[in-house]
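I opened the model to look up how its chains meet. Notes follow.

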Amino acid sequence: MLLAAYRVMKNELLLNLVRPLSSVLTILVPINFLILFVLFAIGGAKVPVGLVAGQTGAYGSQLTSAIEHSITYRAQTINSPVSGTALIQAHHTVATIQIPHSFTSQLSTNNHASVHLTINNLNSDFANDIRRGMPLVLYQFDAANFPGKIPVTYREVDTYPKTVTFLSFLSVSIQTVALLIGGLLFGGRGTAREWEKGTIKELMLAPISPWSVVMGKLAAGMVSGMVSAMLVFIVLLFFGVRPVAWGELTGVFLVTLFVFVSLGVAIGSLVKSQFIVIPLSFALGLPLFFLSGAFGPIAWSTPVAADIASVFPVLYANVIFQHAIEGYWTMSLPPAIIWGILLIWAAAALVISSIAYRRAVISH
Amino acid sequence: MDQLHILWAIVKKDIAIWLRSPAVMAVTLLPAIALMLLLVLQAAAVQGSPVAIVNLDKSGRAAMQLENVTTHYGGFYSATVMNSTEANHAFQQLSVSAILTIPKAFSYDLSIGKTPNLTWQVRNFNEDTANDLRRALPDLLSQFEKSYSTSSKLPVITIHEQDLHAKDATFIGFNLVAVIVMLVLQAGVVNAGLASVREWESGSIKELLMSPSTALTLITGKVIAGVVASDAVAMIAMGLAMIAGIIAVPSITLALWALLLTTLAGVFGAGIGVFLGTVFRNMERVSVLSVMLSFYLFFLAGGITDIAYFPGWLQTIASFVPNSYAMDGLRSALLYGSAVGMGTDALALLLAAVVGLVIGVPALRRGLSH
């Protein structure tokens with residue numbers, strides 16, 4: 001049985017080699033996802049604003065500095081509000097902050113000054129970030145200039161000594177989605193190809209068990225998927241990702257890939273078309289990536305999204321990857337249960353792939 | 001006249017095949033549907049994460065006012081009043097992302113002019129969620145200070161806000177436009193691309209070559225079929241969004257602008273589709289490439305953000321991506337009710353459509369001559 005499975009695997013891998021363009025395209029799909037999500041992460045960083053602040057005096061300079069060093073804004077100094085409007089219209093900034101020339105004198109003499117904020121309120125999410133950034137800037141300005149006069153102060157207590165960048169956090173989920181899409185594509189395409197080319201009849205007539213075929217397909221999918229996912233991981237290492245638990249990382253890498261290669265074999269047996277496997281992989285991969293804790297723990301998501309995510313293995317794979325790479329758990333379940341669910345998924349996926357293949361063969 | 005009949009037959013045939021082929025429909029619609037589903041599911045969570053409030057000054061008026069401002073603050077998904085033990089448990093269980101603790105003497109300190117100090121415990125998993133929380137507290141404190149007169153002598157700095165649009169578009173509406181543009185392009189690429197591949201894969205290219213159809217009629221038919229498919233899916237998607245109240249019903253002029261922009265985007269997509277179909281002549285490869293291309297163009301054009309957030313080099317790339325102009329124009333028409341900049345967007349898309357045809361048509365012509 002094992003020898004037959006080995007032959008199926010070898011044949012499968014050779015087929016990938018004789019069709020290099022399709023194979024390379026499939027291997028590169030997860031890398032493409034990585035690039036796309038890096039673009040997304042870059043876009044989710046600080047708010048680009050034009051800052052009009054000429055000779056605004058001592059307080060004006062202090063406020064300028066607070067804006068330039070804020071966690072919210074990426075400020076670009078400009079000459080006038082007109083330049084600010086031009087930058088907004090050209091989609092180079094989304095807001096203009098204008099500190100008037102009389103800022104310092106007004107604040108010193110009248111105890112009151114104003115700042116003009118022009119917002120390209122494209123949507124409520126972006127606009128609110130811009131609006132909420134100003135009180136923080138003013139709080140920091142007041143704390144630096146009028147420390148004894150602030151009516152209410154606060155002390156921030158961070159749970160972790162270092163705040164991971166958005167890109168680093170996101171990159172862990174990108175590794176999971178690379179395994180998901182790579183696994184589904186390699187498992188699914190390899191199996192669907194047998195029906196498309198009509199070679200399934202030869203496999204059915206061969207003196208080997210269906211189990212050997214499934215095992216061979218799984219093994220081939222694991223090898224190809226590994227190549228693809230390793231490429232993504234190497235790029236992530238270049239981005240500065242440094243795992244803290246290599247053993248756990250290797251384990252979750254293999255189990256996750258196994259789950260999706262198995263499900264890929266099942267999908268390939270059901271749809272019998274490589275052409276359908278491809279959009280299905282994307283359609284499954286993207287929503288599950290976003291839903292399964294890509295941006296933060298699912299407990300902070302909407303209840304419906306959290307409930308949907310908790311059904312799928314992507315969530316548990318993400319949580320374990322976060323722990324292996326960043327060192328913290330993003331789910332309150334005990335680690336043994338998180339691992340248990342992922343392993344149950346692996347066993348279930350194996351059974352599903354075997355049943356799907358057998359049913360497809362019987363109905364053929 | 002004969003060529004017109006043939007053209008009509010080719011368009012009808014390609015659209016009929018598209019409508020009857022679940023696989024092609026899946027390639028066209030699934031990526032966009034997946035993105036849309038995601039937006040709907042995540043929309044509520046975008047406004048912020050859940051937090052806990054521990055008020056140790058239950059009898060104080062100022063503390064109650066701060067508690068009230070916090071529970072009604074729009075920057076949190078939810079803000080729940082808890083006792084200290086419950087809040088710590090919820091924090092450990094990750095049910096809340098932060099705890100705001102109002103100290104016991106908060107109201108008294110404020111009343112005698114002393115500065116009370118709050119504690120803001122933040123689960124700083126990553127910069128994105130942590131910075132949202134860091135921005136939220138000063139914002140809600142400024143709201144509290146406006147609603148509760150303190151004896152503070154702190155100089156007042158007023159923010160005069162001026163918004164460019166009458167109201168903020170919703171998160172779903174804003175992103176839906178990007179998804180519609182992706183759908184338009186995908187429909188054009190897939191329908192024209194796979195319609196071309198199919199002729200080679202099924203061998204029907206020989207029959208077409210032997211028919212009285214000229215190469216130009218054949219190519220025009222493929223492109224028109226792609227554009228019709230693009231416009232059809234765009235109209236259906238926009239119609240559904242209007243029925244659901246996600247986007248407002250535009251004026252006739254703006255609706256015509258929207259139709260023009262989707263048509264031009266569809267022509268670009270169809271040109272690219274014909275090119276991919278002719279060069280690769282394989283359904284599987286064309287389907288991978290078309291899906292990847294759609295996603296690339298979607299993200300490079302800003303996707304669910306705006307290109308202003310990109311670094312300079314990426315903004316330059318985005319300015320060459322047709323989706324950027326289609327998204328800009330459609331958002332103006334459907335979300336902000338404005339035609340400002342529409343001419344520039346239409347011109348850029350016209351140029352993109354010409355480029356698409358210049359790439360696609362000669363490739364198919366060469367393919368036919370072989």
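For strands, I count two as paired if DSSP finds at least two bridges between them. Helices (H or I, at least four residues) and strands (E, at least two) are DSSP runs, numbered from the N terminus.

Ground rules. This is a predicted model, where local features need pLDDT of at least 70, side-chain atom pairs count only at pLDDT 80 or more, and totals for chains, interfaces and linings use all residues. Residues are numbered from 1 along each chain as its sequence is written, chains are lettered from A and ligands numbered from 1 in the order in which they are written, and side-chain values use heavy atoms, with hydrogens and water left out.

Strands. I found E4 (residues 112–119) of chain A paired with E5 (residues 156–163) of chain B, parallel, over eight bridges. Within that pairing, Ser114(A) has Thr158(B) as its bridge partner.

Extent. I looked up contacts (heavy atoms within 4.5 Å). Chain B puts 106 residues in contact with 104 residues of chain A. Next I took buried area, the accessible area (1.4 Å probe) that two parts lose on being put together, summed over both. The value is about 9600 Å², with 64% from carbon and sulfur atoms. On chain B, Phe125(B), Arg135(B) and Tyr309(B) lose the most area to chain A, together 9% of what that side buries.

Charges. I searched for salt bridges (a side-chain nitrogen of Lys or Arg within 4 Å of a carboxyl oxygen of Asp or Glu). The rule finds six across the interface. I checked Glu161(B) with Arg131(A): their side chains form a salt bridge at 2.8 Å, N to O. Helix H6 (residues 127–147) of chain B gives the most to the side touching chain A, with 15 residues.
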